[in-house]
There are 2 protein chains.
Amino acid sequence: MPEATVARLPLYLRALTTLAERGVATVSSEELAASAGVNSAKLRKDLSYLGSYGTRGVGYEVDFLRHQITREIGLTQDWAVVIVGIGNLGHALANYGGFASRGFRIAALVDADPTRLGEEVAGLNVRSADDLEQIVHDLGIAIGVVATPARAAQLVCDRLVAAGVTSILNFAPAIVQVPEGVDLRKVDLSTELQILAYHEQRKNGAALALTAEQAAELAEAVNG
Amino acid sequence: MPEATVARLPLYLRALTTLAERGVATVSSEELAASAGVNSAKLRKDLSYLGSYGTRGVGYEVDFLRHQITREIGLTQDWAVVIVGIGNLGHALANYGGFASRGFRIAALVDADPTRLGEEVAGLNVRSADDLEQIVHDLGIAIGVVATPARAAQLVCDRLVAAGVTSILNFAPAIVQVPEGVDLRKVDLSTELQILAYHEQRKNGAALALTAEQAAELAEAVNG
DNA sequence: GCAACTTTGTGCACACGTTCACAAGCGTCT
DNA sequence: AGACGCTTGTGAACGTGTGCACAAAGTTGC
């Protein structure tokens, strides 16, 4: 299954959940694509990787398709997650309700700052980073979320990997290296803003360029 | 300039900043690529869109290249940003130091909850969502960050756009539509985890499949 | 000044992802 | 039963992105 398709399945799943809550029983690729914000042909091709779960002339059964995607992504089981770094962002992540409702259970919170140990966040006690290996092992954690400062990110990832974690979601603004076989995704808040800034500047630049062109035309009109 | 290249420029910028702080004056594409975690050919092609700023046989001058990328992305000016939705995530974003240091100034915080109004977060008073249009206009805000619950996201985006915001970074787990000419990027925490879960499951599944294959081989060996 | 070495910038081939367009299949209506 | 309308699933064309490989261009050493 193409990586691009995998990245869109959660999108479809969310759209289907919304439809199910509204009591919709069947949906066409056109409708589902619209509510997921993608092209209908792309949606159909994506879904075709799961199998032929649609009915021609009718569409897709919402509940059935939802179950198929859930199974494909692996959300039928629940995943234990450890969050490392309980600063502002770590707090927000620990309290984020969207994880639990999608099969991700925050199993442990870890921080290196001794003054934070024992603090209760989202119903869990913050534990020492020294115990990271033990925690990962005891709770059978496969997914780690890194919300530490940039300088700690590589070390934390190394230790997570050494402890047996094979999937890491990194929020720290740092490039970290992981060995083959470990999946690493990164979410970088300021990178996203920088990409927006680039386009924003180009919008303004385009306006200025147009003005320059208009000025040139004007000059030509005056001189000609 | 290709979109994929634009998305990598902030990465290079960060790597260059790190090098500059270490006092490195020049860097080869090979070294820079390594610290940004990309292929060196890709790095060179990306940089070639900016111009021919390297010296053959030597490499790139760190400070100069940094300045060029900064200019290209549009970080020579600073951008006023409004954060809408001051919940857990909004708090974390408001306090995130990485924005200010990269030319993004949090100019206003807005929330719809009347009990939160006037609360001071990161040195700013939380203002009423009713004043959104006024705030955007008065402070010359071009970039909006949406950290509201999912159900409010579309309305907030509509109002931001109507007020003149042309770039939006959406953290709400909802698909929102924006008119042509408005840039929308979304950061979805649980989607990222779901993608990891998919690969995690496949790793385990692959292990099981291997076992099944081994079992088949074993069976054949026994029967044959 | 020239040869040897290093590194950039880029043409080209390939892989990946997207979109179009349409045949195949299902339900409905007469 | 057969014709008709609708929607899926997919082959094929297209566009974008990646990576190799090498000529061009610079530096260093003699």
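**Close-up 1. Helix H5 of chain A against helix H5 of chain B.** In this predicted model, the two H5 helices (residues 88–95 in each chain) pack at an angle of about 165°, their axes 8 Å apart. Axes here are lines fitted to C-alpha atoms, for helices over the stretch in contact, with angles running from 0 to 180 degrees between N-to-C directions. Helices (H or I, at least four residues) and strands (E, at least two) are DSSP runs, numbered from the N terminus. H5(A) and H5(B) are therefore roughly antiparallel (angles over 145 degrees; under 35 is roughly parallel, 65 to 115 roughly perpendicular, the rest oblique). Their crossing is left-handed, meaning the near helix is turned anticlockwise from the far one by less than a right angle (clockwise would be right-handed).

**Close-up 2. Who touches whom between H5(A) and H5(B).** A:Asn88, A:Leu89, A:Ala92 and A:Asn95 meet B:Asn88, B:Leu89, B:Ala92 and B:Asn95, where contact means heavy atoms within 4.5 Å.

**Close-up 3. How the two chains are related.**

**Close-up 4. An aromatic pair in chain A.** Searching the whole structure turns up 4 aromatic pairs over all chains (rings of Phe, Tyr and Trp, its six-membered ring, with centres within 6.5 Å). A:Tyr53 and A:Phe64 pair edge-to-face, at 5.4 Å centre to centre and 90° between the planes (over 60 degrees is edge-to-face, under 30 stacked, the rest tilted). A:Tyr53 sits in the loop between helix H3 (40–48) and strand E2 (54–55), and A:Phe64 in helix H4 (residues 62–73), so the pair ties together parts 11 residues apart in sequence.

**Close-up 5. H2 on H3 in chain A.** H2(A) (residues 29–36) packs on H3(A) at about 105°, axes 8 Å apart, and the two are therefore roughly perpendicular. A:Ser29, A:Glu30, A:Leu32 and A:Ala33 of H2(A) touch A:Ser40, A:Leu43 and A:Arg44 of H3(A).

**Notes.** Residues are numbered from 1 along each chain as its sequence is written, with chains lettered from A and ligands numbered from 1 in the order written. For this predicted model, local features need pLDDT of at least 70 and side-chain atom pairs count only at pLDDT 80 or more, while totals for chains, interfaces and linings use all residues; side-chain values use heavy atoms, leaving out hydrogens and water.
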